[in-house]
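Hi,

Here is the structure I promised to pass on to you. Have a look at it first, and then read on for what turned up.

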Amino acid sequence: MGGRDDAGGGNSAYGRKAFKRSRAHFQDRITADGRDGWPVEAGRYRLVVSRACPWASRALVSRRLLGLEDALSLAVVDPIQDDRSWRFTLDPDGRDPVLGIRYLSEAYDRRETDYPGGVSVPAIVDVPSGKLVTNDYQQITLDFATEWTALHREGAPDLYPEKLRDEIDAVMDDVFRDVNNGVYRAGFATGQEEYEAAFTRLFRRLESLEQRLERQRYLVGDTITEADIRLFTTLVRFDPVYHGHFKCNLWKLTESRVLWAYVRDLYQTPGFGDTVDFDHIKRHYYQVHTGINPSGIVPLGPDLSGWTTPHHREELGGRPFGHGTPPGPVPPGEEIPERGRP
């Protein structure tokens with residue numbers, strides 16, 4: 001999710017220019033063999049996220065499930081951007097305590113001055129140099145699963161099993177195009193026809209996912225995979241922001257028996273719900289997107305109490321972590337404040 005936003009022109013431009021999801025400009029990879037010059041190394045890198053951002057939330061979930069907390073430190077930005085983008089105003093003196101910077105853009109500028117594109121999260125920064133390494137939101141979590149294996153916790157799940165990768169990739173492509181990106185195309189549409197096309201594709205895809213998930217607990221195979229992470233981070237935001245703010249209002253997620261049970265199942269699984277901050281999510285979307293919500297008023301609803309109710313998805317079988325185990329407790333300092341939880 002960008003700060004010098006994908007539409008261009010600052011926060012007020014949302015909804016006034018056609019939406020286009022920018023490709024990550026910095027596509028270096030952190031790998032076991034260090035072939036791009038960035039070897040996997042415990043303590044060397046810092047993951048910068050917004051808890052409001054669905055793209056960054058993928059990295060939060062993956063890091064928790066794989067047990068990379070000790071190997072990869074975490075910086076959480078303020079959910080409210082200004083036109084200089086993501087800010088470390090949640091930290092003492094408004095600076096990240098490890099990187100020593102006020103704005104994520106400073107790490108971008110240390111890597112490349114006047115680069116084309118926005119300041120987006122997730123971002124991984126090299127701590128010794130203070131330079132951005134990558135903002136490739138599509139690749140970061142795949143590399144966590146496949147390149148960072150030497151630093152995984154004991155009992156970590158295989159989130160991208162080799163024998164299922166073709167099917168996972170196909171499902172993720174559909175979800176990315178019509179759901180992850182679809183809500184934004186609807187929400188930032190500048191004309192009726194553009195909005196209706198995105199809206200229609202979104203709900204057709206959600207209905208096809210309902211049919212798939214009626215028969216099986218998870219999207220691919222009988223364990224949690226990267227595909228589930230990528231769908232979850234959009235679904236968990238659906239009723240709080242996309243239904244109203246982005247006009248994706250054919251029905252609420254709570255009105256879908258299958259998808260509502262599916263997303264509650266994941267939310268209640270260690271590594272998912274314990275990364276979700278509904279306060280950050282709502283304040284970001286409603287206060288930052290002034291082009292489509294000029295008043296900046298944050299709605300009090302919806303009622304979030306249902307997230308912890310029984311889902312009964314275990315009746316479909318499946319093993320959330322495969323032959324592995326759940327992640328341990330959330331590390332100190334990374335807990336979600338009470339106001340951000342149901």
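This is a predicted model: local features need pLDDT of at least 70, side-chain atom pairs count only at pLDDT 80 or more; totals for chains, interfaces and linings use all residues.

The sulfur of C53 is 16 Å from the closest cysteine sulfur, which belongs to C248, and that is too far for a bond. For a disulfide, the two sulfur atoms would have to be within 2.5 Å. As a reminder, a disulfide is a covalent bond between the sulfur atoms of two cysteines.

Are these two cysteines buried or exposed? C53 is buried, with a relative accessible area of 0%, and C248 also counts as buried, at 0% relative accessibility.

Now for the sheet. In general, strands of a sheet pair through backbone hydrogen bonds, either parallel or antiparallel. Here you will find an open sheet of four strands in the order β2-β1-β3-β4, and its pairing is mixed. At the edges are β2 (73-76) and β4 (131-134), each of which pairs on one side only. On average, neighbouring strands of this sheet are turned by 35° against each other, direction ignored.

Which residue of β4 is the bridge partner of I124? The partner is T134.

Finally, look for helix α1 (residues 54-66), which lies across β1 (45-49) and β2. This helix runs at about 130° to β1.

Best wishes

Notes: Residues are numbered from 1 along each chain as its sequence is written. Side-chain values use heavy atoms; hydrogens and water are left out. Buried means under 20% relative accessible area, exposed over 50%, partly exposed in between (1.4 Å probe, protein chains only). Two strands pair if DSSP finds at least two bridges between them. Helices (H or I, at least four residues) and strands (E, at least two) are DSSP runs, numbered from the N terminus. Axes are lines fitted to C-alpha atoms, for helices over the stretch in contact, and angles run from 0 to 180 degrees between N-to-C directions. Contact means heavy atoms within 4.5 Å.
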